[in-house]
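Please read the numbered points with the sequence and the model at hand.

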Amino acid sequence: MHKNRRRLCSHSLRTHIWLYFILYVVIVFVLLWVFQIVFLEKFYDRMKIADIRNVAEQMISNYGKEEYEELYDQLAYENDLCIEVMDRYYRSLYSRDLMGGSCLLHGYRNDVYAMIHQIQQSENGVIFGEIEASGQANMDMLVYGAVVGSLEEPKGYILLNTPLVPVGSTVSIIKRQLIIISVLLVLVGLVLSIYLSGRLARPIADITRSAERLARGDYSVRFDGGNYRELQQLAGTLTYAGQEISRVDTLQRDLIANVSHDLRTPLTMLKAYAEMIRDLSGDNPKKREEHLGVIIEETDRLALMVNDILDLSKLESGGLALNPSAFHITEKLSEIVERYRGLSVKTGYQFDFQPDAERTVFCDAGKIEQVICNLINNAMNYTGADKQVYITQTNLPDGVKISVRDTGEGIEEEKLKLIFDKYYRSANHKREVVGTGLGLSIVKAILKLHNYSYGVDSTIGAGSTFWFIIHLDSAADPQKTTKTEE
């Protein structure tokens with residue numbers, strides 16, 4: 001069913017491209033026929049009238065000037081004109097006959113004086129018109145007359161006569177040519193439209209087939225956009241999307257495996273110690289209390305893991321609002337470090353705090369404390385055999401940078417971008433001394449909600465430093481774009 005639908009869609013696209021191309025060819029042909037056949041004669045008449053008017057204006061502007069006759073001769077030959085120029089007393093000043101006996105000014109009709117009379121009777125001193133073929137004239141004529149000066153005080157008169165070449169035979173020739181050209185162009189258009197429609201639709205069909213493979217779980221598929229830039233961009237985007245889906249799918253499976261492992265261990269212990277209380281230590285108060293203590297600790301661990309998962313879900317979905325307030329960051333750091341130093345005797349960890357001058361910041365104190373604690377927990381899980389954890393406050397011109405450094409094995413550079421991913425576990429991972437394994441994901445979500453910069457610097461064999469910056473000009477606006485440096 002999917003294959004049939006795919007073929008139908010591809011065929012439909014090719015058909016539409018073909019139809020649009022043919023429609024374009026038809027429109028071009030219609031325009032050619034309309035303008036070359038139907039309106040050719042009207043265009044010709046208008047052009048001749050415009051030309052003769054332009055000639056008359058040039059002659060009037062040069063009337064009476066020296067060597068005007070050379071200009072008049074040039075205009076007569078270039079425009080196929082008969083010209084008669086007379087002064088105010090009807091004396092001929094210039095005459096040029098290029099039509100012989102057919103000229104209306106110098107031939108059998110000799111309409112010079114009749115045209116001058118019409119000029120004198122006109123409103124603006126200009127006459128023009130088309131005269132149909134008659135007598136010795138075997139073609140239509142276009143005549144034009146104009147007064148030089150004004151009707152009240154004329155300096156002279158300019159009379160022009162030019163033939164209107166019959167365009168009927170020309171139209172017939174053009175029509176035959178257009179028929180031949182139209183047939184050839186239709187054939188060429190059909191071939192080109194079929195070729196181009198197939199060429200355009202083929203890469204889209206290929207992308208569709210690759211997308212169906214991706215939908216079936218084949219994440220190794222690569223999309224080919226052909227030779228078109230837009231399709232290449234689409235293919236590149238889909239290929240990248242497939243790679244990201246593959247990565248997320250792999251990491252999600254790893255998450256399920258890791259969470260299942262972390263849940264299975266405390267559940268196994270809960271069941272084992274409950275059975276021991278039932279079968280062995282129920283009547284022994286000391287053993288019973290010891291076994292109940294283990295059950296309580298493992299229950300707390302499960303509860304902490306579930307709470308972390310719920311908190312992370314709320315943070316990423318925007319369901320957990322921030323409650324910003326002003327507080328002293330150095331004092332807050334000191335309180336947190338002192339609490340962890342209470343574990344030193346029991347666990348052997350050493351916490352080194354390097355404060356800067358006191359700064360007042362404005363953010364969600366509880367969430368920022370959770371970020372700091374999660375970073376310290378992460379450092380405890382991955383620090384070296386010396387069990388040293390370093391906490392540093394560095395005051396910047398526009399904020400406060402807080403860093404937590406461990407002395408562990410470090411993180412490879414290509415994996416630094418993944419370290420905050422909720423599905424990712426470092427290859428150097430060991431069972432957490434503190435926390436649930438979701439700490440860095442919660443750190444990322446909280447800092448993004450605050451619009452704070454954050455990141456990690458690491459050197460193989462020397463440890464890692466996780467840091468974030470509390471911006472002094474930020475009001476914890478969750479609508480701002482997060483600037484991260486992962």
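1. T330 lies in helix α8, which covers residues 329–341. Helices here are DSSP runs of H or I with at least four residues, strands are runs of E with at least two, and both are numbered from the N terminus. T330 counts as buried because its relative accessibility is 10%; buried means under 20% relative accessible area, exposed over 50%, and partly exposed in between, with a 1.4 Å probe and protein chains only.

2. The side chain of T330 makes a polar contact of 2.8 Å with that of Q393. Such a contact is a pair of N or O atoms within 3.5 Å; within protein, one must be able to donate a hydrogen and the other to accept it, and residues adjacent in sequence count only if both atoms are side-chain atoms. With neighbours within four places in sequence left aside, T330 is in contact (heavy atoms within 4.5 Å) with F353, P355, D356, A357, E358, R359 and Q393.

3. The model is predicted: local features need pLDDT of at least 70 and side-chain atom pairs count only at pLDDT 80 or more, whereas totals for chains, interfaces and linings use all residues. Residues are numbered from 1 along each chain as its sequence is written, and side-chain values use heavy atoms, with hydrogens and water left out.

4. The protein holds eleven helices and twelve strands. Of its 486 residues, 37% count as buried. Among contacts between residues at least 6 apart in sequence, 66% join residues at least 24 apart.

5. Five strands form an open sheet in the order β2-β1-β5-β4-β3, with antiparallel pairing; two strands pair if DSSP finds at least two bridges between them. Strands β2 (92–96) and β3 (126–131) are at the edges with a single partner strand each, so one side of each has no neighbour in the sheet. On average, neighbouring strands of this sheet are turned by 10° against each other, direction ignored.

6. Within the sheet, strand β1 (residues 82–87) and strand β5 (residues 154–164) run antiparallel and are joined by six bridges. C82 stands opposite N161 in β5. Helix α3 (residues 68–79) packs on the sheet, where it touches β1, β2 and β5, and its direction makes about 30° with that of β2. Helix α4 (residues 112–121) also packs on the sheet, touching β1, β3, β4 (140–149) and β5, at about 120° to the direction of β5. Axes are lines fitted to C-alpha atoms, for helices over the stretch in contact, and angles run from 0 to 180 degrees between N-to-C directions.

7. V126 belongs to strand β3 and is partly exposed, with a relative accessible area of 29%. Not counting residues up to four places away in sequence, V126 touches Y144, G145 and A146.

8. In the largest nonpolar core, of 44 residues, F351, I376, I391, F468 and I470 touch the most other members. A nonpolar core is a set of buried Ala, Val, Leu, Ile, Met, Phe, Trp, Tyr and Cys residues joined through side-chain atoms within 4.5 Å. Helix α10 (residues 365–382) gives the largest share of this core, nine residues. Beyond four places in sequence, the contacts of F468 include I368, V371, I372 and L375. A second, separate core of 20 residues includes Y68, Y72, L81 and I158.
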